[in-house]
Amino acid sequence: MANNNIEKFYNKQYLKLAIGFTLSTLTTPLLASVDTAVVGQLTNPSYIGGVALGGTIFNTMYWILGFLRVSTSGYSAMAYGSKDKKDQTLTLFRPITVSIVIGVLFLLFQNVILWSATHFYNSTPEILENMQKYYKILIWGAPFVLTNYSILGWIMGRRKIKECIILQFLTNLINIVLDIYFVNKLNLKVEGVAYATLIAQIFTTILSFAIIFVRKKSEEYKVVTNIKNLKLSEIFNLKILKNSGKVNGDLVIRTICLMIVTNIFMEQGSLYGAVVLAANSILFQIQYLISYIFDGISNANSVFIGNSIGEKNNKKIEWTIKKAKKMCIWISIVLMTIILFFGNGLISL
């Protein structure tokens with residue numbers, strides 16, 4: 001009887017996290033979907049093609065560095081489960097420091113990245129021109145995007161579902177409103193879409209910092225208090241950074257393999273002209289939506305297991321692994337059914 005009660009308690013907690021994180025992560029691909037939808041209303045398909053290739057550049061850059069969110073949520077969950085206040089602070093500021101450094105490097109080497117992408121995508125001059133316009137504006141959001149990854153991962157690890165949803169929802173709302181205004185009202189086309197997304201990224205960073213520095217009265221832990229006691233030697237602890245690199249290395253290899261496939265597919269599609277490239281980009285938006293549904297489940301798993309390690313609860317770890325398998329099977333069946341019966345409707349939308 002006791003085991004049943006524990007399983008019910010775990011199940012309730014898990015579903016709360018899984019649903020909350022799925023709603024939160026689904027807003028990420030919606031940013032790109034909104035960009036595609038807005039420029040898709042324009043008469044020239046090369047606009048979608050330019051945004052699609054530009055988006056692929058940023059997806060490649062950011063997805064490879066997705067460990068900044070994924071591993072941060074795991075480490076944050078462990079620190080939260082163990083109730084170690086210093087460790088909770090370090091699991092926030094270590095990845096933020098790494099994010100800012102990498103983001104600045106992207107800015108310094110932005111011309112090299114653009115040159116490489118332009119020579120890789122053997123597309124029409126018009127599409128490449130739109131891609132370059134999109135890229136040159138949005139590259140300035142790199143430090144903000146990567147910092148947001150780290151903060152969002154840290155918030156997820158602390159089970160702040162409401163804050164995650166609010167953060168992502170407001171980002172998308174700003175992006176949608178500005179997209180429509182810049183493109184439809186000011187007729188800025190591709191540049192309008194890029195500026196809208198950049199402003200949304202900057203806003204998210206400001207709001208993210210507001211969330212982590214403002215605490216509820218019921219919370220014992222306070223970032224401002226604990227940051228004063230931090231030392232640079234603790235943030236840049238080589239042994240811990242090396243161990244973190246080993247964990248993240250597997251994630252990076254996996255993501256590189258995924259992005260190679262995506263980039264080759266987009267590159268080959270671009271050879272057939274603007275219409276085929278535009279069509280492929282719409283199909284990819286649907287794929288991204290599907291992948292982020294599973295991303296929500298994976299976030300719930302990493303937080304649940306991270307908390308379990310922090311609590312030194314092996315039974316909870318075993319339960320989570322079994323639950324994750326069941327969830328993936330059922331979600332796959334549901335998504336397959338939706339695509340089978342409503343696939344054309346999704347594409348039209």
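# Reading contacts and burial in a predicted model

Me: Which residue forms a salt bridge with Asp-295?

Reply: Side chains of opposite charge can pair when their charged atoms come close. The criterion for a salt bridge is a side-chain nitrogen of Lys or Arg within 4 Å of a carboxyl oxygen of Asp or Glu. Asp-295 has Arg-69 as its partner, with 2.7 Å between the closest N and O atoms. Asp-295 belongs to helix α13 (residues 274–311) and Arg-69 to helix α3 (residues 67–82), so the bridge ties together parts that are 226 residues apart in sequence. Helices here are DSSP runs (H or I, at least four residues), numbered from the N terminus.

Me: How many salt bridges does a search of the whole structure find?

Reply: The search finds four. One of them joins Glu-129 and Lys-133, at 3.7 Å from N to O. These two residues are four apart in helix α6 (residues 125–138), which means that about one helical turn separates them. Glu-129 is partly exposed at 42% relative accessible area, and Lys-133 is likewise partly exposed, at 29%.

Me: Where does Glu-191 lie, and how far apart in the chain is it from Lys-133?

Reply: Lys-133 also forms a salt bridge with Glu-191, their closest N and O atoms being 3.9 Å apart. Glu-191 lies in helix α9 (residues 189–213), 58 residues from Lys-133, and the pair links distant parts of the chain. Through shared partners, salt bridges join Glu-129, Lys-133 and Glu-191 into one network. Glu-191 is partly exposed, with a relative accessible area of 25%.

Me: Which residues touch the most other members of the largest nonpolar core?

Reply: A nonpolar core is a set of buried Ala, Val, Leu, Ile, Met, Phe, Trp, Tyr and Cys residues joined through side-chain atoms within 4.5 Å. Of the 44 residues in the largest core, those touching the most other members are Leu-53, Phe-58, Tyr-62, Phe-106, Tyr-134 and Leu-146. Helix α2 (residues 46–64) supplies the largest share of this core, nine residues. A second, separate core has 35 residues, including Phe-21, Leu-92, Ile-293 and Ala-300.

Me: How many aromatic pairs are found, and what describes such a pair?

Reply: A pair of aromatic rings is described by the distance of the centres and the angle of the planes. Rings of Phe, Tyr and Trp (its six-membered ring) pair if their centres lie within 6.5 Å; planes under 30 degrees apart are stacked, over 60 edge-to-face, and the rest tilted. The whole structure holds 15 aromatic pairs. In one, the ring centres of Phe-304 and Trp-319 are 5.8 Å apart and the planes meet at 40 degrees, so this pair is tilted. Phe-304 lies in helix α13 and Trp-319 in helix α14 (residues 314–348). Phe-304 is buried at 0% relative accessibility, and Trp-319 is buried at 12%.

Notes. Residues are numbered from 1 along each chain as its sequence is written. This is a predicted model: local features need pLDDT of at least 70, side-chain atom pairs count only at pLDDT 80 or more; totals for chains, interfaces and linings use all residues. Side-chain values use heavy atoms; hydrogens and water are left out. Buried means under 20% relative accessible area, exposed over 50%, partly exposed in between (1.4 Å probe, protein chains only).
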